[in-house]
Amino acid sequence: DKVRRLFAADAGDSWRDRRDRVALLCLVLLGARRAEVARLTAGDVQGGVAHLLVKRDKQVDVGVPEYLTEEIARWRGLAGIEEGPLFPRCEGSARPMTGKMVYDAVRRAAMAAGLERVTPHALRRTFATLLGQRGVETKEIQTAMAHASITTTERYQKAGRVAASAPGRALVDLVRRSASSDRDSDD
């Protein structure tokens with residue numbers, strides 16, 4: 001319910017608001033850490049795969065749900081991003097967001113939704129928990145979260161079972177805008 005509220009709240013339509021929404025989608029649908037989202041480049045998300053640079057310069061490839069791929073493409077088109085950081089600090093900047101900026105984006109979205117205690121790490125725990133509840137295997141979640149030990153993943157989640165190649169696909173319904181709400185905002 002909180003994830004739905006986070007994405008249903010009107011967060012605004014500015015350049016920054018749009019950037020922050022797609023960064024939040026990456027947190028929720030990829031289970032990424034805030035630093036991993038901040039470091040994403042335009043070339044890191046291709047062909048349904050995100051190449052995340054995780055702790056200690058380790059890289060992990062994570063399947064990207066089609067919905068997120070489309071949102072990233074829309075964002076890149078709007079922001080004119082062909083290369084460099086996927087989430088620049090400001091319009092026209094060649095410098096990426098910082099982890100703190102991702103944290104602040106989550107806090108702003110949570111405030112707009114009337115939610116407390118929502119952090120990027122809480123979204124990461126939510127990723128593991130909801131995927132487990134929706135039948136994704138713990139091993140698949142472990143891989144997506146780049147955990148060395150399955151024990152770490154088990155601490156994050158409260159239930160787990162069967163997987164798809166892009167685990168975040170099981171969460172898309174929580175963040176997808178309905179076609180009717182998009183038509184209403186276009187009028």
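Colleague: Is Arg108 buried, partly exposed or exposed?

Modeller: Arg108 is partly exposed, because its relative accessibility is 30%. Bear in mind that this is a predicted model.

Colleague: What does Arg108 form with Asp20?

Modeller: A salt bridge. The closest N and O atoms of Arg108 and Asp20 are 2.6 Å apart.

Colleague: And where do the two sit in the chain?

Modeller: In distant parts of it. Arg108 is in helix α5, residues 99-112. Asp20 is in helix α2, residues 15-30. They are 88 residues apart.

Colleague: Is Asp20 buried or exposed?

Modeller: Asp20 counts as buried, because its relative accessibility is 6% and the cut-off for buried is under 20%.

Colleague: Why do such side chains pair at all?

Modeller: Side chains of opposite charge can pair when their charged atoms come close.

Colleague: How many salt bridges are there?

Modeller: The count comes to 9 salt bridges.

Colleague: Give me another one. Which residue does Glu71 pair with?

Modeller: Arg74. The closest N and O atoms in that salt bridge are 2.7 Å apart.

Colleague: How many residues separate Glu71 and Arg74?

Modeller: They are 3 residues apart in helix α4, residues 66-79, so about one helical turn separates them.

Colleague: What about Asp173 and Arg134?

Modeller: Their side chains meet in a salt bridge, 2.9 Å from N to O. This pair also links distant parts of the chain. Asp173 is in helix α9, residues 172-175. Arg134 is in the loop between α6 (120-133) and α7 (138-145). The two are 39 residues apart.

Colleague: And which residues are joined with them into one network?

Modeller: Salt bridges with shared partners join Arg4, Arg134 and Asp173 into one network. As for accessibility, Asp173 is partly exposed at 42%. Arg134 is partly exposed too, at 39%.

Colleague: New topic, Val175. Which helix is that in?

Modeller: Val175 lies in helix α9. It counts as buried, at 1% relative accessibility.

Colleague: What is Val175 in contact with?

Modeller: Leaving aside neighbours within four places in sequence, Val175 is in contact with Val3, Phe7, Arg21, Leu25, Val28, Leu29 and Tyr67.

Colleague: How far apart are Val175 and Leu25?

Modeller: In sequence, 150 residues. In space, 7.4 Å from C-alpha to C-alpha.

Colleague: Let's do helix packing. At what angle do α2 and α6 pack?

Modeller: At about 35 degrees, with the axes 7 Å apart.

Colleague: Which residues make the contact?

Modeller: From α2, Leu27, Val28, Leu29 and Leu30. From α6, Pro120, Leu123 and Phe127. The contact divides into 7 nonpolar residues, no polar and no charged.

Terms used
Residues numbered from 1 in each chain as written. Predicted model: local features only at pLDDT ≥ 70, side-chain atom pairs only at ≥ 80, totals over all residues. Heavy atoms only, no water. Salt bridge = Lys/Arg side-chain N within 4 Å of Asp/Glu carboxyl O. Helix = DSSP H or I, 4+ residues; strand = E, 2+ residues; numbered from the N terminus. Buried < 20%, exposed > 50% of the residue type's maximum accessible area, 1.4 Å probe, protein only. Contact = heavy atoms within 4.5 Å. Axes fitted to C-alpha atoms, helices over the stretch in contact; angles between N-to-C directions. Nonpolar A, V, L, I, M, F, W, Y, C, P; charged D, E, K, R; others polar.
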